[in-house]
Amino acid sequence: MADEQKTKLRLEIAHVLFIDIVGYSKLLIDEQSEALHELNQIVRNTEAAREAEAVGQLIILPTGDGMALVFTGSVEDPVECALQISQRLRAQPSLPVRMGIHSGPVHHVADVNQRENIAGAGINIAQRVMDCGDAGHILLSKRVADDLAQYRRWQPYLHELGDFEVKHGVVVSVVNLYADVVGNPEPPARFKGARRRPASYDTARKGRTWILVGIFAIVLALIALAIVAIIFTPAILRNSSRREARTTAANQSSVATPATIPEKSVAVLPFQNLSENKENAYFADGVQDEILTDLARVADLKVISRTSVLGYRDTQGRNLRKIGEELGVAHVVEGSVQRAGNRVRVNAQLVDARSDAHLWAQTYDRDLADVFAIQTEIAEAIAHQLQARLLPPEKAAMAQPLTTDLVANDLYERAVQLGSHSNDPGGKGNLLQSISLLEQAVGRDPRFLRAYCRMCETHLDLYWGGFDHTDARRQMARVALEHAERIAPDDGDVHQQKGIYFYHGFRDYDRARVELELARQRLPNSSKVYMQMGAIDRRQGRWDDCLRNFDRAVELDPRNFINVEEAAFTRYGLRRFAEAVPLLQRAIALDPSEPSAPAQLANLPFDQAGDLKQWRSGLNEIEKAGKAAHVAIFFVYCALAERDRDAAERALVIVPAEGAVNPYDNSLVPRPFFVALVAHTFGEKEKAQAAFMETRAAAQKAIQEQPDYAPAWSLLGKAEAGLGHGKEAIEAGQRGCELLPLSKDAWDGPSRILDMALIYTWLGQRDLALNELERASNLPASPTSYGDVKLNPLWDPLRGDPRFEKMVASLAPKK
């Protein structure tokens, strides 16, 4: 019996993730229940929790306002789980959560009901660490951080906060874990103003140093910094002034002049949620969105799309005249929504943005079920005030609500917000969760047309983006589309989704174009329709039409970062650099947190003129802002062009474990390929061979799952070439070209040709390599640039050949 008791009390080390909902006690009882249910769903659906639970390495303990997840596997398990939870929570800002992680001893005990439970210092310290944080924080004990710091992947995430005294006089050393889109980079409130130790994990891999040596190094560094500051401060200030001037110019270029603003133009700004229940924010968004959608169907009006108006949620600080100029409209609609029980009050007003004159206002105080009729009445009243010609089909479309189920509409709004994060590291999870919400919406209202359309589009996002490029996923899109067609076969949204289906599902550009033209007639103010038409023009090499459609999309949705960025990237890809610069600056001004436009702007002097200095300077700015992981590929290629071994190693640390996105074809390149590139470039044959083998395995796995995905075949070809397998490399590379020939894709097709050039180069087949490289360099949308062929060491085997040198000269900037 004594031996049995000793067994029960034996300590074991566990890795604990403690979670709670911030402000839980202030919620109403039903709100507490809803919040806990929502948190449980998010946690249970994380891949890390599912995998650990499946192998018996996870126990979940409820804690009233949250939970403790006790992992018994790797120290990385709770961290992976926390990252996945954080990514999901970005789409649900109404659920403020904080997390704490600690590894320590735990033991099994029996609770008051004689059920098995877990207790111990491991759980207690995890809770104390969590208690130091605010909403959004993922805090680690130093013990966990020290373990993670041994791995390159985690080093960029770790940021020391220092020591803090918690309950019972216990002092914990806390580290903040965050990156671009996970965690909270702000110091917790209780740490602000306190002295903290400097972060040390960026250099943890170099080993620990003696304290005196560290102090001596710091003194030397301070002296060096002082010298550098004296020498370079004037230049830094000049560059800062230039950047400020560029930003100002970008903002000015995005503002319409009064002479160019049409009279019959309007923007429907976000409605203020006056309800006591914060969850009704989705309801208020739905009211505003429906009014906007109704007005957007009127061909006689210019109506700004949803994305551009979302940035004006702050009702207190609105300057309507400035907003009108920024959006290029003469009028704006403001409003508020208050929902209480079965009643709803909607207030709306139409304002002349040029003079601040109130043209019309109305308050509707009715039963909740009448909210859909209220939306229609408001849209019709505004159209009448603007003297817009309202055609019978447009009036009929206004009168037909897309759903009369308030819960279904709320689920739809949540799905839309999740879908907007599809480019995040957790993009696949966001899309799958969005589909789940949409399925619930149509389960409540089987005739919810827009929900079926959105479901079709989300399935296609998974297919087109390479997350699930399978026939099964494409068929799911088709099923959703068939449901929508049965409800309203001639609706504009249905034609738009059919266009996207033919485009993203089959690259059937002709059929897609027919459907999108029908959609354009029915949705004259849809920037998305113009973006899709422009994208198809780009695939078909219709460059002037492409730019015209993208520019129209920007006009209708001027503050939509993606629209502006695509218009910029297209000009960049066509080597129209002077036109691309102001658009890239405008995109940066719209969303400074998004690193893709800054990375492209930094890369431009290199591509255009082989300027490595400016490229590196721009990348350093991105790294300082903590945004390097999303554009890691630029750091690798810059280091290679610099032929800097240390810089290349630092760049590899930046590359996420899952790989980095290739901006030229949006494919995800696995991390081992970058390791292979660096090792190959600097003559580390054994390391290169091992990394190429890993790359080959990743490519083969992708091909097995998605046999028609061209980038995977090209990647396999490059891996085989790196291993010296000539026949296999050429066959795989050619298969990539066959799946995506120029006739099918004038935009991404050149990337496959450039891959073949690299394959032949690595196999020592110089003439064939030059044939492909020359072919790629002569294409309008080729990723081949002057800087690349002049300085990229991957092309070193071709240097000195007259054909190669002639091609380099042809790409040089014209004086």
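In this predicted model, the buried residues of helix α19 pack against α15 (449-464), α17 (492-506), α18 (509-522), α20 and α21. Because twelve of its 13 residues are buried, α19 is largely enclosed by the rest of the structure. The buried set takes in Gly534, Ala535 and Ile536, and it also includes residues such as Asp537, Arg538 and Arg539. Just after α19 comes Gly541, with a positive phi of about 75 degrees.

Among the buried ones are Phe561, Val564, Phe569 and Tyr572, along with Glu565 and Arg571. Packed against the buried residues of α21 are α19 (527-539), α20 (543-556), α22 (577-590) and α23 (596-609). At the start of α21, a side-chain oxygen of Asn560 comes to within 3.0 Å of the backbone nitrogen of Ile562. Just after the helix, Arg575 takes a positive phi of about 60 degrees.

Zooming out, the protein chain holds 34 helices and 16 strands. Of its 815 residues, 53% count as buried. Among contacts with a separation of 6 or more, 64% are between residues 24 or more positions apart.

Next come the nonpolar cores. The largest has 70 residues, and the members that touch the most others are Trp615, Phe635, Phe674, Trp762, Leu773, Trp795 and Phe804. Helix α25 (residues 632-642) gives the most to this core, with nine residues. What does Phe674 touch, leaving aside its neighbours within four places in sequence? The list runs to Ile633, Val636, Tyr637, Leu652, Val655, Ala660 and Val669. Apart from this core lies another, made of 45 residues, and Ile323, Val346, Leu350 and Val371 are among them.

Glu649 has its place in helix α26 (residues 645-654). Is this residue buried or exposed? With a relative accessible area of 16%, Glu649 is buried, because the cut-off for that label is under 20%. Its contacts, setting aside neighbours within four places in sequence, are with Arg152 and Lys687.

Gly335 sits in strand β12 (residues 331-340), and at 11% relative accessibility it counts as buried. Once neighbours within four places in sequence are left aside, Gly335 is in contact with Pro270, Phe271, Gln272, Asn347 and Ala348. Gly335 and Gln288 are 47 residues apart in sequence, yet their C-alpha atoms are 8.2 Å apart in space. Asp352 belongs to strand β13 (residues 343-352). Its relative accessibility is 12%, so Asp352 counts as buried as well. Beyond the neighbours within four places in sequence, Asp352 is in contact with Ala330, His331, Ala357 and Leu359.

Finally, there's the matter of empty space. Rolling a probe the size of a water molecule over the atoms shows where such space is left. The structure holds two cavities of 30 Å³ or more, and about 100 Å³ of space lies in the largest cavity. Which residues line the largest cavity? The lining is made up of Gly286, Asp289, Glu290, Phe372, Gln375, Leu402, Thr403, Asn409, Tyr412, Glu413, Phe448 and Arg450. The elements giving two or more residues to this lining are α8 (281-296), α11 (371-385) and α13 (406-419).

Definitions and conventions:
Residues numbered from 1 in each chain as written. Predicted model: local features only at pLDDT ≥ 70, side-chain atom pairs only at ≥ 80, totals over all residues. Heavy atoms only, no water. Core = buried A, V, L, I, M, F, W, Y, C linked by side-chain atoms within 4.5 Å. Buried < 20%, exposed > 50% of the residue type's maximum accessible area, 1.4 Å probe, protein only. Helix = DSSP H or I, 4+ residues; strand = E, 2+ residues; numbered from the N terminus. Contact = heavy atoms within 4.5 Å. Polar contact = N/O pair within 3.5 Å; in protein donor to acceptor, adjacent residues only side chain to side chain. 1 Å grid on protein atoms, 1.4 Å probe; cavity = no way out; pocket = protein on both sides within 12 Å on 5 of 7 lines; lining within 4 Å. Points joined across faces, edges and corners; volume = space filled by probe spheres on them.
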